[in-house]
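Q: Could you walk me through this structure, one feature at a time? I would like to learn how to read each kind of feature and then see a case.

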Amino acid sequence: MGAMPMTFLAPMAGAWLASLPVLVWLWRLASSSKRTTLPSLVPFERLVRRAAHRRTRMPINLLFWLQAAALALLALAMTQPLWPAHRVRTVLLVLDTSASMQAKSDGRTMWDEAKKLAWRRIAAGGRRERFALVGSVPVASPLAEPTADRAQLRAALDSLAPVDRSGNLALAARIGRGLLRARPDATVVVTDEPAPERAASDRAPQSAPVEVLSVGKPLPNAAIVGVDTREPLCAASESQIAVTVQNFADQPQNVAVSISQQGRVLSRQTRLLAPGASEPLRFDVPQAGGEYDVQLVAGHNTLAADDHATVVMRGRAALPVMVASDSQRFIDTVGRWLDACANITWQPQHLGDASASSMRLDGDSAQRVVVTDRPDLAEQAPVAMLFARAGSADRPTAVQWLVETAHPVSEYLESLDVVPTLLARDAADAGGEPMVWGLIRGQRLPLVTSVTGRGRRMVRLAFDPAGPESVAPVLVFLNSLRWLSGLQASATTGEPLIVGPFAAGAVRVRAPDGRTSTVNTESGWVRYEATDRAGRYEFSQGSVRVERVVNFVDPVESNLLARPSTLKLESAPAAHETVEATREQQPMMRWLLRLIAIVLLAEWLLYATRLARRPA
Amino acid sequence: MPTLDAVQPALLRRLEAFRLTVRNIHWSNRLGGRFVIKRRGSSIEFADYMPYTPGDDIRAIDWNLYARLDRLYVRTYHEEVELAVEIIIDATESMRLPSPKKFARACELAACMTHLSLAAGHHARIGWIAPGAMAPSPWLVRRGEFGRVEKMMAAVKAGGSVAFDQWMTRAVATRRMRGGQAIVLSDWMIRPAELFAGLNQLIRRRVEVKVIQIISPEELDPARLVQGGVVVDSETGATHELGYRPEELRDAVREHNESVARFCKRNGMAFVQHRLNEPLDELLFRSLPAHGFIEPLH
């Protein structure tokens, strides 16, 4: 309708337009045949004498003009005209659906407040604004295109819900603009985060205004910010669950953590935590393995999603390891270390003289910890340990270990002292989070780094284990291996789950919130990425059924007292974003029909009044 | 047939506080009334002495004056006459249009004037300007005769056409109009020449003429009646295709009415225009005194 041009060629419009002369002719006919008796024509004798003959035939009647107006309006209505176009603003409405929106205050969640605020903003927009809705986690729009339809917007708003993940509002806004394929006239962000400070350069006239509607207020919380397992590999030690808790309240509070299995509480610890303080709590658990529920209880606790976690321990099950390298010496060296541990079953994969481009791991490497000296192989495996090989120019160097105590691996490195090792050439460039630093010729370089996230764990060791002058730091290796094996205990929300093996075909996935979906696999391994909810994910294919547990552990989301802003105000649109001048044209037909009805009503009233006043 | 519904006893009682304004009394009125005229008459009121001429009544000779002056003088006395009021109602076809209320209102006004005349001791007679030889009412003298007025009114039906000047010529001759007053009620939708000629007949016979124009609001704004087409003169049957702007029609009627009013003023006639949407008592107690038709008794 909006693109239809106004035209008088429409047949009905032409017909009604042609009826206007007919109306004039009918009135002239009626006026010539109508006889009105007056008391006397004497007063008009002089008027008659001086009047032109032509004028005496013209009708003097408001009724005629009203009827002519009705016909003209009808003809106009048949042309289906449009109101002069007015510009409709496109507003990108980004709703924060991160986990912190589930925090409760005064019996209402931040999400309830956010929806209320968003709806109020939509209602204030009137007809001059159309809205595109985007949820921040996962970044998706429930609407196919921007709309001003209140019913559609209400349904879309109701379809959004917060998930157990953290989000990035700047990313969501950028993706939302990408979905729009145009720069919106305004961006409205409804979040529990504070509004970002606007830089002076953001006041440029070309920047689209960003309106931040903040809900809620700083709230106290206590959360589980880390869960890990320590299972014995090669030494006689107890199985432990390490739970790191943190107090996000502005006052000290007691935090109680209990470990239970099948409803039976196995252990319970309570700590008084200062504001902002975190503390790891270790719980000894039987080595039989199984699932353990971790539950946190605190006095000032407003977010429930971070109070619970589930960990899976294998007990005495063997850790499968694959040592892959094109160097037999490397395989032999690492194999000697692995042989020292009875619970590790390992298999070598000698790659021979294969070129780097053709190197591929075996199919079952996804369920093994891959130890390799080839970066390309380490990238292929979800769990990998990468040793760096030194070049021939390197020399053995005495290194003083500096341990980062925040990392779990560091618990096993305190006994290390000055050790000679052969450093890799790219030790200083190793990526990831440094765990162990080394003082080498007065320079601080990372020796051991870890990379976690997106479903992967990798440890990068910046020394060559097969070097002839290196003293092998076996303890570092084994502890890192144990940390790598902890990946199997549980995953966190947002990380993909790699589950298998299945037969090639469809695998049905049931999420913790009851949603079911189907994913197809050809290799037999399913990579499931929609882990937005903490809980148990069930993968089934025929009689094969596999369960995986996903926990929500995110210190940033749990910190409701000081929320950082993830929104970045952009001063200028990206090059591919163009301003689309959206103009919405409204059909005039409805208004014209109303006007016609009013004209006809006025004509009827006038006629009835004159009829009533006419003398009998 | 008009009824006198608006003429209620209460209205008549209020009307008795007024009397007809009389400007001139002439000898031609009926004798024996209470209006004294400057004419030697037979009343007991002494007027003057006049030299005796043969033929005078010798009983009127003042012998005392003869003894003193040695000349014959006769005593003369004032004449006393009654006021004859002719109430003339236009009963032509135009008085039925655009509404019969126009003729009815004329009859009500005529009844009120009749009552006023009888209450003041005048002689009143009602006549109708109508085609044919429609006789006027007999002279009404006593107040008790007012009851006959309603019957007379009910018997009259407006209609037909009459040339006003010719009717008046015939009426003054046959009804021996001379002196007194004539109150003429009409819409005056006649040619000015006819109007002037007719009323001049009365003036020449020393009749004090009072003119009341009864007109409807629609006549003053003819566009409310004429919606184009052919218009027909109700009296003459003449037709014309009339199509003018409303203001042109209004101006034409206004000019005609002004010519009537001008003529009346120029000839010393009381004139009032009464619109049908104006209440009757408003006319009787405000407009008529203001235009010199009637005056309060005290």
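Q: Let's start with helix packing. At roughly what angle do the axes of helix α5 and helix α6 of chain B cross?

A: A word first: this is a predicted model. The axes of α5(B) (residues 164–174) and α6(B) (residues 192–204) cross at roughly 15° and come within 7 Å. Angles under 35 degrees count as roughly parallel, so α5(B) is roughly parallel to α6(B). As for handedness, α5(B) passes α6(B) in a left-handed crossing.

Q: Which residues in α5(B) and α6(B) meet?

A: On the α5(B) side they are Phe164(B), Asp165(B), Met168(B), Thr169(B) and Val172(B). They meet Glu194(B), Leu195(B), Ala197(B), Gly198(B), Gln201(B) and Leu202(B) in α6(B). Sorted by class, this contact has six nonpolar, three polar and two charged residues.

Q: How do α6(B) and helix α8 of chain B cross?

A: Here the axes come within 10 Å, and α6(B) and α8(B) (residues 246–266) cross at roughly 20°. That angle makes α6(B) roughly parallel to α8(B). The crossing of α6(B) and α8(B) is right-handed. Pro192(B), Leu195(B) and Phe196(B) in α6(B) meet Ser259(B), Val260(B) and Phe263(B) in α8(B). By class, that contact has five nonpolar residues, one polar residue and no charged residues.

Q: Let's move on to sheets. What is the strand order in the open sheet that has β1 of chain A?

A: The general idea is that strands of a sheet pair through backbone hydrogen bonds, either parallel or antiparallel. In this case the order is β1(A)-β9(B)-β10(B), an open sheet of three strands with mixed pairing. At the edges are β1 (35–38) of chain A and β10 (239–241) of chain B, each pairing on one side only. From one strand to the next, the twist averages 30°.

Q: How many bridges join β1(A) to β9 of chain B?

A: Four bridges join them, and β1(A) and β9(B) (residues 230–233) run parallel. To place yourself in this pair, look for Leu38(A), whose bridge partner in β9(B) is Asp233(B).

Q: What is the pairing in the open sheet β9-β10-β13 of chain A?

A: The pairing in this three-stranded open sheet is antiparallel. Its edge strands are β9 (222–230) and β13 (278–285) of chain A, each pairing on one side only. The twist averages 20° from one strand to the next. Eight bridges hold the antiparallel pair of β9(A) and β10(A), the latter being residues 239–247.

Q: In which sense do strands β30 and β31 of chain A pair?

A: They pair in the antiparallel sense, over seven bridges, with β30(A) spanning residues 535–541. Gln541(A) stands opposite Val544(A) in β31(A). This hairpin has two residues between the strands, and Gly542(A) takes a positive phi near 65°. β31(A), residues 544–551, is also joined by two bridges to β25(A), residues 491–492, and those strands run parallel. In that pairing, Thr492(A) stands opposite Asn551(A).

Q: Which residue has a positive phi although it is not a glycine?

A: Most residues other than glycine have a negative phi, and most peptide bonds are trans. Gln262(A) has a positive phi of about 55°. Look for Gln262(A) in the loop between β11 (253–261) and β12 (264–273) of chain A.

Q: And for peptide bonds, what is the omega from Val137(A) to Pro138(A)?

A: The omega is near -20°, and the bond is cis. Pro138(A) lies in the loop between β6 (129–135) and α6 (150–159) of chain A. In chain B, the peptide bond from Leu97(B) to Pro98(B) is cis with omega near -5°. Pro98(B) is in the loop between β5 (84–90) and α3 (101–119) of chain B.

Q: Finally, confidence: what pLDDT does chain A average?

A: Chain A averages 79, and 77% of the residues score at least 70. Over residues 52–56 of chain A the pLDDT is below 50, and this stretch has five contacts in the model beyond near neighbours in sequence. Residues 200–206 of chain A also stay under 50, with seven contacts beyond four places in sequence.

Conventions. Residues numbered from 1 in each chain as written. Chains lettered and ligands numbered in written order. Predicted model: local features only at pLDDT ≥ 70, side-chain atom pairs only at ≥ 80, totals over all residues. Pairing = 2+ DSSP bridges. Axes fitted to C-alpha atoms, helices over the stretch in contact; angles between N-to-C directions. Parallel < 35°, antiparallel > 145°, perpendicular 65-115°, else oblique. Left-handed = near helix turned anticlockwise from the far one by under 90°. Contact = placed C-beta atoms within 7 Å. Nonpolar A, V, L, I, M, F, W, Y, C, P; charged D, E, K, R; others polar. pLDDT = per-residue confidence, 0-100.
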